[in-house]
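Welcome, and thank you for stopping by to look at this structure. Please take a moment to turn it around before reading on.

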Amino acid sequence: MIAQNIQTIKADLPPHVTLVAVSKTKPVAQLMEAYAAGQRIFGENKIQEMADKFEQMPKDIHWHMIGHVQTNKVKYMASFVSLIHGVDSLKLLAEIDKQAAKHERVIDCLLQMHIAQEETKFGLDEAELQNLLDSDTYRNLKNIKVVGLMGMATFTDNQSIIKNEFDTLKSIFDRCAAQHPQFQVLSMGMSGDYQLAISCGSTMVRIGSSIFGNR
Ligand SMILES: *Cc1c(COP(=O)(O)O)cnc(C)c1O
């Protein structure tokens with residue numbers, strides 16, 4: 001079933017869109033089914049769970065941290081994480097830089113933008129993003145690379161609200177990419193809204209329940 005789901009979704013994705021299989025809460029046996037079907041990028045939202053799965057699984061997997069990251073836990077993933085989606089402060093970016101330096105790595109990061117109406121979702125607004133990118137602290141970080149932006153739309157069935165939020169994120173992304181050529185990745189879209197996200201310019205979709213079933 002998992003292999004079938006991955007094939008169906010991949011057949012639906014344009015070639016420039018990367019699929020992150022969101023495997024949070026799912027057992028390693030199910031991730032291995034996805035792996036056997038060719039999937040090599042997995043997204044997790046808890047650092048400890050991701051580290052446990054990293055230990056148990058093949059080493060050619062790219063692990064993406066898609067959840068909110070606590071500063072004091074960065075050290076547990078700094079040796080192996082390949083992309084951190086949810087970075088929403090300079091303080092966190094500085095900690096990732098420090099931990100990456102210990103492993104002589106450069107860790108790719110996405111800055112999370114607040115686009116939804118809900119108060120609860122993390123992220124920066126455009127002014128905060130601009131301040132961060134313009135700061136000397138940011139410019140001096142050598143062991144992180146901000147490669148783009150990530151956002152989550154409001155949890156609603158109203159497609160026009162979601163489309164509006166995705167359009168907003170895409171236009172912020174385009175303004176940033178014009179100034180920062182290393183901005184290549186726009187992570188937006190989940191099981192319920194990834195087709196819409198792609199039509200709005202997403203280059204990376206994070207899909208969980210449509211691959212692994214409900215959590
Ligand atoms: C859980 C999660 C997803 C996947 O959600 P589905 O609706 O199961 O596809 C995507 N992005 C983030 C940040 C998540 O936490």
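This is a predicted model: local features need pLDDT of at least 70, side-chain atom pairs count only at pLDDT 80 or more; totals for chains, interfaces and linings use all residues.

Residues are numbered from 1 along each chain as its sequence is written, and side-chain values use heavy atoms, with hydrogens and water left out.

An unreviewed UniProt entry lists K24 under "modified residue: N6-(pyridoxal phosphate)lysine"; UniProt positions are given in the numbering used here, feature names are shortened, and annotations may be inferred rather than shown by experiment. You will find K24 in the loop between β1 (18-22) and α2 (28-36). Helices (H or I, at least four residues) and strands (E, at least two) are DSSP runs, numbered from the N terminus. Which residues does K24 contact, leaving aside its neighbours within four places in sequence? They are G43, E44, N45, E49, K53 and R215, where contact means heavy atoms within 4.5 Å.

K53 leads us on to helix α3, which spans residues 47-56 and in which I47, M50, A51, K53 and F54 are buried. Here buried means under 20% relative accessible area, exposed over 50%, and partly exposed in between (1.4 Å probe, protein chains only). Seen down the axis of α3, the buried residues fall within an arc of 165°, so they line one face of the helix; the arc is that of the directions from the helix axis to the C-beta atoms. These buried residues pack against α2, β2 (41-44) and β3 (62-65). On the other side of α3, E55 and Q56 are exposed.

Next, look for the nonpolar cores. A nonpolar core is a set of buried Ala, Val, Leu, Ile, Met, Phe, Trp, Tyr and Cys residues joined through side-chain atoms within 4.5 Å. The largest one has 65 residues, and I84, L93, L111 and L149 have the most contacts inside it. Helix α7 (residues 159-179) gives this core its largest share, 6 residues. Apart from it lies another core, of 8 residues, among them V20, I41, V185 and M204.

Now for the charged side chains. A search of the whole structure finds 7 salt bridges, a salt bridge being a side-chain nitrogen of Lys or Arg within 4 Å of a carboxyl oxygen of Asp or Glu. One of them joins D60 and R40, whose closest N and O atoms are 3.2 Å apart. D60 lies in the loop between α3 and β3 and R40 in the loop between α2 and β2, so the pair ties together parts that are 20 residues apart in sequence. D60 is partly exposed, at a relative accessible area of 38%, and R40 is partly exposed as well, at 27%.

R139 and D136 meet in a salt bridge (3.5 Å, N to O), and both lie in helix α6 (residues 136-139), 3 residues apart, about one turn of the helix. In helix α7, D174 and K170 form a salt bridge (3.0 Å, N to O); they are 4 residues apart, again about one helical turn. Salt bridges that share partners also join E44, E49 and K53 into one network.

Leaving aside neighbours within four places in sequence, D193 is in contact with A153, I162 and F166.

Finally, a look at the backbone. Most residues other than glycine have a negative phi. T25, however, has a positive phi of about 70° although it is not a glycine. T25 is found in the loop between β1 and α2 and is exposed, at 54% relative accessibility. E104, too, has a positive phi, near 50°. E104 is found in the loop between α4 (90-102) and β5 (107-113), and it is exposed, with a relative accessible area of 75%.
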